[in-house]
Each structure stands twice: as C-alpha cells, then as structure tokens.
There are 2 protein chains.
Amino acid sequence: MPKPVPTQQLINNLLRGDRLALARAISRVEDDAEEAARIVKAVFAHTGRAHLIGITGAPGTGKSTLVSALVESYRARGETVGVLAVDPTSPFSGGALLGDRVRMTRHSGDAGVFIRSMATRRGTGGLAKASADALLLLDAAGFDCVLVETVGAGQAEIEIARVADTVVVVEAPGLGDEVQAIKAGLLEIADIFAVNKADRKGAARTVAALEMMLETGGAAVRTVLHHGQRMEAGATASITEDEDGWSIPVLETIAVSGGGAAQLRDALERHRTWLDESGARVARESRRLNHMLQTLVQAEILARMEQALSPGLHREMVEKMQQRETDPYSAAADLVRKL
Amino acid sequence: MPKPVPTQQLINNLLRGDRLALARAISRVEDDAEEAARIVKAVFAHTGRAHLIGITGAPGTGKSTLVSALVESYRARGETVGVLAVDPTSPFSGGALLGDRVRMTRHSGDAGVFIRSMATRRGTGGLAKASADALLLLDAAGFDCVLVETVGAGQAEIEIARVADTVVVVEAPGLGDEVQAIKAGLLEIADIFAVNKADRKGAARTVAALEMMLETGGAAVRTVLHHGQRMEAGATASITEDEDGWSIPVLETIAVSGGGAAQLRDALERHRTWLDESGARVARESRRLNHMLQTLVQAEILARMEQALSPGLHREMVEKMQQRETDPYSAAADLVRKL
C-alpha cells in the first residue's frame, strides 16, 4: 500500500492548484473531523477570492445540464471553474451522481475545470459542514468561480445554496402544482432566475409569473426574510442593504443546447460587480461565515453530547416510553439532567 | 378579547375528540415550548392507537390529491382520519397549503376528518419537533388513522415521513432524471409504492422499474439502511426483522378520479395487520420514540447553548474571520471553550 501523502504536503500542493491534491483534501475533510480542522485552518487565509455561485431549484428543472452549459461558457472566456454537486437526499444516489459525471465528461480533459459530487449518510448537518469545508478548499485552490449545485429541494438543500455570493434559482415550465409550491421557498433566495427548458410550452407563462411575483410580493418577501435572518444571525445588520440597486433578472435558458448560458454568465458577472461595489459581498461573506461558525459549534456540542450519553440509558428511556411510564419530554429532561 | 382556554380544559376536550380543542392545542404546541411539554406529557398515555401513515415522494407526483382520495376511501368505511401536511421548504408557501386546503374542502363538513397544514420558519429541526408533537395529539384525539404528508423531498422531509408505522412512497411517470435520483433516496423507506397518474404514458415502465429495483437492489439497500439505523439508534435491535414476511407492493393509482385509492387503503390495512402480527409495530414505535427523544435532547442542548452565547462575541468572531485573523474551526473551538 502506498504511504498516504502527509497533510502539509497536500495543503501546499492544493494551494498551488494541484487537482489531485484538491481531490484528496476534500476526501479527507469529508472523512475525518481532525483532518478537516487542520486543512481548513491552513488554507483559510487563502480564501475569499472565488465568486461562489449557488445553483438550486426543484427537481426536473435541468439544473445539472445548466451547470454544464455554464461551465462551458466560463471556460470559453478563459476562467477556471470548480463545481460541487451536493445531493443530500440519499446515501444511495450513485446513479444520479453518475448521471452528472457522464454529462460532465466533456470537461474531463480540461485542467481549468474541477467537478466533485458529494452525498453522505451523515445527515443534513454533516453534509452542510462537509460542503462548506469543500467550498473553502475549492476557493483556496484558486478557481475563479465555484459553483455549488444542490440536487434536492428541501430546506437543507436551500441552506447549502443560500450561503453563496450569488444564488441562481432554476425553474422550468410545466412542472405542476407542487413544484410551484417549492418555488415559493426559492423565491426569497434568488439573485437570478433561470427559466430553463425555455423552448417548451408554458415557458413564457412561467417567466411572466416570476416577473409578476417579483414586482408584487417579491420585495416584501425578501425584506421579511432578510429581517428574519438578521434576527437569527445577530451579525448581519447590513443585509437588508444587499438588495438596494440589484433588480433580479429572469432569464430564459435551454441548457441542453447551451442556449442562454452566455446571458446567464453575463448576469452572474453583473451581480459580482454589484456585490463588490455595493459592499454586499462583505455582508454575504459575513452571513456565510456566521452560518459556518454556528454549524461547527453545534456539531461540536452534539458530538460531546453523544459521547456523554450511554446507549443503555437511552434504550431504557425508550422502553419506559413504550410502556407509557414516561413521556418524551420528561425522558428528554431526564437525559439532559444526567449529562 | 376572549380569555384563552386553560390548558387543562384544552387537554380534556382534546382527549374527548373535540376538533376545536385539537386545533388550538396544535397551535400552542407549535408556538410555545412549555405548552408543548405540558400538553404532550398529559396526552402521551393516550397515544399508540392510531395507524400512523407517512406519505412522501418527489414534487409533482400528486401526493396531496392522493391523500385526499385516500381520506375519502377511509371515510367510506367509517374510519376517522387526521391529516398533517408538512411543508418544510418554505415559510411563505401559503399558496401551496392553500391549494391543499382547497382540494380538501370536500371533507370540510365531515366531523370524521381533521386536516392541518404545518410550515415553519424555525428550520427543519423545529419542524421535526412540531410535527412529532402534532402527530401525538392527533393520535390522542382518537383518529383511527393519521396521515402525515410531506410536500418536499429533501432529507428532512424524508425523516418526518419515515417515523410512521407505514410509509407510502408516491411516484409518477415521466418526471425526468432528477426525480429518478430522488427515488433512490425514497426506495429505502417505502413499505408501499403508489405509482400515481397511472393513466399517463410511461406508467407501466415506472411500475416495472420499481419492481425490478425491489427484486434486485431493494433488499440489500434496505438491510444496509436498517443496519445503519440500528447502529445509530442503539435501541432498535429488532428492526431488521421488520422486513420478514412483508413484500413491498407497487400499486397504480389515478388520484384525481380516485382510481386505486381503495386498493391502496387495502394495502395499508394489510400492512397494519402485518405490523401487529410480526411485532414490527413495536419496533417502529421504538424507532419513532427514540428519534423524538434525540430531537428533544438536541433542541434542549442547542437552546441552552444559544442562551449562553453572547451575540457580541459571535459577531466579533465573524469579523476576525473576515479579516482572516482566525478561521472557522479555531473560532468554533474558542466559542465552545467559552460556553
């Protein structure tokens, strides 16, 4: 068996942009909490340069294809791109991620593109932490632009995309009622809307509906949300200012043929310029780091809790609940007291 | 302003099956942690009788319509039904839930049906707790059958449906690649598959694909998963036994016309009988109570943590990170030390 590469060497190579070192570092960060701390500590000073772009949307909108088209568009201008495809829905979605990889093979010979899929059994908390770590590593490795794509459409997935500098929400015509419902959850976080599959029936109606929503409810919704975030985060007083001077565009794309990808890239560039000029970039980084800090503190405390809890005690409590000798709240209070 | 009903009176009325008391109790449980503890403690001894059914699936499969058809089918046999529709994707999905309500108005004059929607801004953790509490209240109020439907399709949504006695996963033909991907996450938790919109093109192929998956990979996947759960839970040694003697049916439904709803109800009844006879019901209740206990203990510990953390300190840490004077891991370790 070959000796594992020492961590310090891995870090040095990663900071030089070595792709193999980057891939290995991401694996170590996923697998080993101590290595994660060591690697992130070492590279953190080199982060903050990449444009972090979150891409999310309901299933069936063609996000992966759009990401691929966007990568091509960035490459055509000579910019380097890192992609993190996050799938929190399943530990068994090898098929889905393989599908991504197949679509992405056209970039496989290109040293300016790095693609990584991430799925985990460690629950959504573990994935939030691992993906935040991986984004820092991609940033430190020197990519001009880092895309994080989430496959699912739940709250946890939205959270992962939301911490980006710029959030693209992908829609598509004709996905039915429930997808419209999910849109409500995505409206609040979008900096840019891409209506994909724009050659399909109903695309114009989807665009019109989004534009109407943005004109009417959108502003109010965003203000409420940012207010909520500020309350929560306690460190982002400038977040409502984010929105001044940025009007959310609704773009049409046809990702399978690459149609609209250049326009989407241009909108992303405009947003990046706006982020820098308005000071919103600093506010968003603050929100991102704050979120990461909370995640790490919670993970540490929950890990200590699990160590302190004996499985026997836990089992005993469950049995007493099944006999209706105690109830969940009393049992939880008991356990917390014993910690 | 009318005086609020005293908690004890609310509890008494709820236990008599009073719907208004039930609705009020659920609201209090959602809004107030102390009231939640008080109410759940009081009603817990009266729980464990309802058949808890989780209904989940990718967006666009027509879950809500199927739930409505199923309610009608149960009512036709004189059984009472409580429905909890959980939407963790958005704090602003009034539209979606309203859509559900409109579809459900045909049951509105029926005292044997109770429908409640639940969406929250408190994050997925808060929703998991609130929905677990609400299910106990519905159970205690005496409904024969309690359906919990999740609108989204992320890990958090799956977790909420997964704790039921019986899990129905709804599929539909022609939802595209990404939906197929999500299916991978749902395969492991299904006791029954319903292929809805069975009159559409591709339905037979969807049924065949599911049946093939169940014949080949399904068993292995489920064993791995249950093994994983056992490791995690520490209290569910009998869980792999669950699967003995139950073969997962794949049913076709056309929810809009009610087609297949009676067959689905029959399959649910068969599963209920199997649960009782095999002892799996006890194992699943153990898993559910274990999950609830963990959720409550974590919530309590995180709440104490937030009280202990001063916002000023938090903000200071974020600023130091932005200056690259510290990194997220060092900052988190600092904060945990100070707790």
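Axes here are lines fitted to C-alpha atoms, for helices over the stretch in contact, and angles run from 0 to 180 degrees between N-to-C directions. Helices (H or I, at least four residues) and strands (E, at least two) are DSSP runs, numbered from the N terminus.

Colleagues, the model before you is predicted: local features need pLDDT of at least 70, side-chain atom pairs count only at pLDDT 80 or more, and totals for chains, interfaces and linings use all residues. Residues are numbered from 1 along each chain as its sequence is written, chains are lettered from A and ligands numbered from 1 in the order in which they are written, and side-chain values use heavy atoms, with hydrogens and water left out.

I begin with two helix pairs of chain A. Helix H1 (residues 7-15) of chain A packs with helix H3 (residues 33-43) of chain A at about 40 degrees, the axes being 10 Å apart. H1(A) and H3(A) are therefore oblique to each other; angles under 35 degrees count as roughly parallel, over 145 as roughly antiparallel, 65 to 115 as roughly perpendicular and the rest as oblique. On the H1(A) side, the contact (heavy atoms within 4.5 Å) is made by Thr7(A), Gln8(A), Ile11(A), Leu14(A) and Leu15(A). H3(A) supplies Glu35(A), Arg38(A), Ile39(A), Ala42(A) and Val43(A). By class, the residues of this contact between H1(A) and H3(A) are 6 nonpolar, 2 polar and 2 charged. Here Ala, Val, Leu, Ile, Met, Phe, Trp, Tyr, Cys and Pro count as nonpolar, Asp, Glu, Lys and Arg as charged, and the others, Gly among them, as polar.

The second pair is helix H10 (residues 261-278) and helix H11 (residues 280-308) of chain A, whose axes come within 5 Å and cross at roughly 90 degrees. H10(A) and H11(A) are therefore roughly perpendicular to each other. Their contact involves His271(A), Arg272(A), Trp274(A), Leu275(A), Asp276(A) and Ser278(A) of H10(A), together with Ala280(A), Arg281(A) and Arg284(A) of H11(A). The residues in this contact of H10(A) with H11(A) comprise 3 nonpolar, 2 polar and 4 charged.

I turn to the sheets. Strands of a sheet pair through backbone hydrogen bonds, either parallel or antiparallel. In chain A, 7 strands form an open sheet with parallel pairing, in the order E3-E2-E4-E1-E5-E6-E7; two strands pair if DSSP finds at least two bridges between them. Strand E3 (113-119) and strand E7 (250-252) of chain A stand at the edges with a single partner strand each, so one side of each has no neighbour in the sheet. The twist from one strand to the next averages 20 degrees. Strand E5 (residues 166-171) and strand E6 (residues 192-195) of chain A run parallel, joined by 4 bridges, and Glu171(A) stands opposite Val195(A) in E6(A). H10(A) packs on this sheet, touching strand E1 (51-57), E5, E6 and E7 of chain A, and its direction makes about 150 degrees with that of E5(A).

Chain B also has an open sheet of 7 strands, with parallel pairing and the order E3-E2-E4-E1-E5-E6-E7. Within this sheet, strand E2 (residues 81-86) of chain B is joined to E3(B) by 6 bridges, the two running parallel, and Ala85(B) has Ser117(B) as its bridge partner in E3(B).

Finally, the aromatic residues: a search of the whole structure finds 4 aromatic pairs over all chains. Phe114(A) and Phe143(A) have ring centres 6.2 Å apart and planes at 40 degrees, so the pair is tilted. Rings of Phe, Tyr and Trp (its six-membered ring) pair if their centres lie within 6.5 Å; planes under 30 degrees apart count as stacked, over 60 as edge-to-face and the rest as tilted.
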